Amino acid sequence: MKLHRHRLLVLLALVFALVLATSLSWAQQPRQGGTLTVITPSDISTMDPHDGYGFSVRVFANVYEPLFRKDEKGVLHGHLVESWKFLDATHLQMTLRKGIKFHSGTELTADAVKFTYERQLDPANPAVDAQVIRAVKIPIRVVDRYTVVFETSEPTAAILDILAQSLASLIQDPGEVKKWGKDYGVHPSGTGPFKFVEWVRGQYVKLARNPDYWGGAPYIDTLIFKVVPEEGTRVLALESGEADVLYETPASAIQGLRANPKLVVSRVPTFRDVNLHFNASRAPTNDVRLRRALAQAINVKAIVEEVVTPDIGVLSTGLFNPTVFGACDVGFPLYSPEKAKKAFADLGYRPGRDGVLTKDGQPLQLSLVMNPQRDPRNGEVAEAIQAQLRSFGVDLKVRSFEFATYAKMLASAEGDYDMIFHGYGIGTGDADLKAGFFLRANMPPAGQNSARYSSPELDNVILAARQEMNKEKRKELYCKFGQIYRDQALGVPLYGSFRTTTTWKHVNGMTLHPDEWYSQTYTRVWLGPKN
Amino acid sequence: MQLAQYVLKRLGAMVLLLLGITFIVFCLMYLAPGDVTLMLVPNVPSHEQAEILRKQFALDQPLLVRYGRFLAGVLHGDLGISWIDRRPVVPQVLDALSYTLRLASVSLLLSIAVGLIAGIVSAVRHRSLVDETIMTVCLLGISAPVFVTGLLLIYLFSYRLGWFPTSGAGSWRHLVLPAVTLASFLVAYNARMMRSCMLEVLGQEYVRTARAKGLKEVVVVGRHALRNALLPMVTVVGLQVGLLLGGSVITETVFAYPGIGQLVVSAIAARDTPVVQGCVLLTAGGFILVNLIVDILYGGIDPRVRLT
């Protein structure tokens with residue numbers, strides 16, 4: 001009897017295991033079909049990469065393609081390009097994959113590459129993102145139907161990263177651009193996995209599966225980017241099942257969404273980081289000793305752990321997010337309350353009325369300029385810095401502006417601030433794009449040198465790194481750059497940003513890319529049964 | 001004849017008013033800190049590229065020259081192109097306006113119907129439990145911020161019950177929640193207004209006379225009192241139409257409803273002056289027109305009012 005029962009149990013277990021195995025394998029089999037809806041906080045402005053702006057870029061990534069692409073691990077691959085070689089330090093020869101077709105049916109040839117780059121770099125009407133690809137010289141030389149040679153104005157180590165990760169490098173269909181003229185923005189044609197269907201202003205952009213996609217047709221039939229400007233509504237739109245992907249989860253909603261068993265909440269590293277820069281071009285922060293004292297007075301670790309929280313950022317030890325090529329630990333944070341106190345005293349500051357440090361009758365009053373929406377919790381971080389500095393007797397005024405004003409202040413010739421928040425996502429994933437801000441040539445109003453500091457030594461390091469083709473030597477140069485930044489106390493790196501993407505459990509095959517703009521495609525995504 | 005003259009005079013004043021409004025908005029956009037060119041080259045802003053854009057948008061021209069060009073465009077029915085997406089302003093604004101009109105008319109009808117009935121009932125059953133209940137609900141309606149009402153409705157009817165979509169536009173189902181949200185405020189306002197007007201009228205001597213004649217209460221309230229109590233309501237509702245025409249920024253944002261309120265706010269944030277001007281011109285024009293219509297209606301309802 002006993003034996004029988006055992007047998008029955010074993011048999012039942014076997015049957016159960018079999019059912020489980022088949023259902024699992026069935027569940028893991030990618031299925032074709034369905035609609036994937038992705039929530040976006042803001043509408044697109046056009047489907048033309050020449051004029052693309054803001055959130056448009058996320059839609060472009062599925063319709064247009066660049067010559068190279070970086071995968072989610074940061075490894076560079078030829079994309080539309082099959083093979084490439086450097087003829088010399090400034091000449092790059094590329095051969096395209098054959099048989100790739102634009103959505104219009106026209107074949108992708110070297111002429112389209114030439115056309116795109118010359119259109120983007122047209123001096124009379126440059127593309128929005130032309131600055132990123134400015135190293136490429138026009139006219140472009142076409143060698144044969146599938147081969148082009150790019151010449152750069154100087155040896156450019158990051159040229160492949162630039163060709164991979166920029167809005168300006170998305171290849172457009174010459175025939176369609178010419179045919180539609182100004183209306184190309186609503187009649188786009190690229191080589192990507194999805195074709196444009198319609199854009200209902202302020203509501204959604206709809207894309208459809210490109211069955212002839214050269215890289216293998218996508219699984220989903222329809223891809224919708226749905227505009228929902230309000231944070232609370234965005235979260236409810238996901239939870240109600242109206243949308244499948246909430247690309248950027250509002251910080252305040254992360255905890256709540258984690259508790260929902262039907263959702264997957266993923267913390268994704270990005271190329272972005274947030275720094276606090278001092279204004280080195282005017283008193284009193286033009287004194288490196290004061291800048292260093294301030295950097296030592298700010299307890300960044302406490303701010304990142306308590307205010308920013310690990311959901312949003314990881315403490316910076318250098319100038320770049322660890323995901324970026326060129327990231328180097330240069331010993332930040334510098335927090336040291338004793339050293340800071342001593343430094344303020346050595347500079348001649350004495351506690352005056354209300355405990356505010358005073359020198360020659362002048363209280364140490366500084367201003368911090370920031371845009372509260374640019375990065376999550378900016379306002380809270382600013383308040384924390386204000387409180388910490390106050391405990392040393394520094395009177396910090398936080399001046400909060402909306403983006404247009406903030407951007408103007410950052411880039412204005414006057415530079416009316418002592419400190420400024422500067423968050424930046426390095427699209428290319430290569431340090432050069434951000435390091436370049438610190439060049440003398442980028443002193444505002446010409447560029448974005450928000451620390452307003454330049455020196456021949458710094459220029460030399462940045463330019464040498466830009467041209468150095470040896471990766472190891474290049475990394476060393478960026479460490480050198482970080483050391484100068486630290487020794488000159490140009491600012492305080494705060495944190496490397498995370499993005500939190502929330503998806504429904506039935507969304508499979510989604511690779512989450514650190515680059516949130518040019519590379520996030522939905523080609524391999526498939527939808528399992530919804531339950 | 002008199003009416004035609006009156007309308008013509010008012011239309012003339014409207015042109016002057018619109019000139020003034022657009023000029024003020026033009027100056028405000030000019031004085032506002034920030035710069036559209038910096039919004040457009042966000043990745044690596046460069047001075048030279050910004051200069052090219054400034055030329056394209058004629059931002060290098062003096063203020064008055066730019067305003068003159070804008071006016072010349074208006075005469076041709078051309079409001080220029082948006083600086084952000086480089087497409088014509090007129091269809092964009094008209095599109096947003098049509099969405100706003102749909103939302104405004106539904107919530108207005110809703111608020112008039114419910115508000116008037118609630119107000120009349122409240123007044124007739126003055127100081128009763130019904131009156132107290134209606135007035136308490138109205139107080140809530142007036143006090144609750146629109147985004148709270150909106151999010152609560154989404155939570156309840158979209159997320160919990162799944163009856164209506166959380167956001168967007170297109171079908172009648174998209175319209176229900178934003179319309180109710182907008183109306184919740186207006187209903188409360190209209191009901192309180194209607195109640196106090198009605199109470200005032202019900203105390204008048206001609207109402208007492210009507211009652212003394214032995215008329216039924218329904219006739220007294222419905223015919224004698226209502227018509228007089230409605231007069232101030234016409235003005236109030238007229239103003240509400242004007243307000244709604246400008247779009248409800250918060251309601252539209254909460255429900256991702258692509259109306260004119262959202263359009264103008266995003267355009268201001270991006271310093272997209274042509275779109276801002278287009279929105280202001282059309283909504284201000286609409287507002288003035290509606291007010292004119294209200295004044296004409298007034299004469300129709302109340303023979304004592306003469307339009308001169």
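Reader: Is the crossing of helix 9 of chain B and helix 10 of chain B left-handed or right-handed?

Author: The crossing of these two helices is right-handed, a term for the near helix being turned clockwise from the far one by less than a right angle. The model is predicted, with local features needing pLDDT of at least 70 and side-chain atom pairs pLDDT 80 or more, while totals for chains, interfaces and linings use all residues. Residues are numbered from 1 along each chain, chains are lettered from A and ligands numbered from 1 as written, and side-chain values use heavy atoms without hydrogens or water.

Reader: What makes helix 9 of chain B roughly antiparallel to helix 10 of chain B?

Author: The axes of helix 9 (residues 205–212) and helix 10 (residues 217–245) of chain B come within 10 Å and cross at roughly 160°. Roughly antiparallel requires an angle over 145 degrees, so helix 9 of chain B qualifies against helix 10 of chain B.

Reader: Which residues of helix 9 of chain B make the contact?

Author: B:Tyr206, B:Val207, B:Ala210 and B:Arg211 do, against B:Glu217, B:Val220, B:His224 and B:Asn228 of helix 10 of chain B; contact means heavy atoms within 4.5 Å. By class, this contact has 4 nonpolar, 2 polar and 2 charged residues.

Reader: Which helix gives the largest share of the lining of the second largest pocket?

Author: Helix 4 of chain B, with 4 residues. Helix 3 (110–120) of chain A and helix 13 (273–301) of chain B also each supply at least two. The lining divides into 10 nonpolar, 10 polar and 13 charged residues, where charged covers Asp, Glu, Lys and Arg.

Key: Axes fitted to C-alpha atoms, helices over the stretch in contact; angles between N-to-C directions. Parallel < 35°, antiparallel > 145°, perpendicular 65-115°, else oblique.
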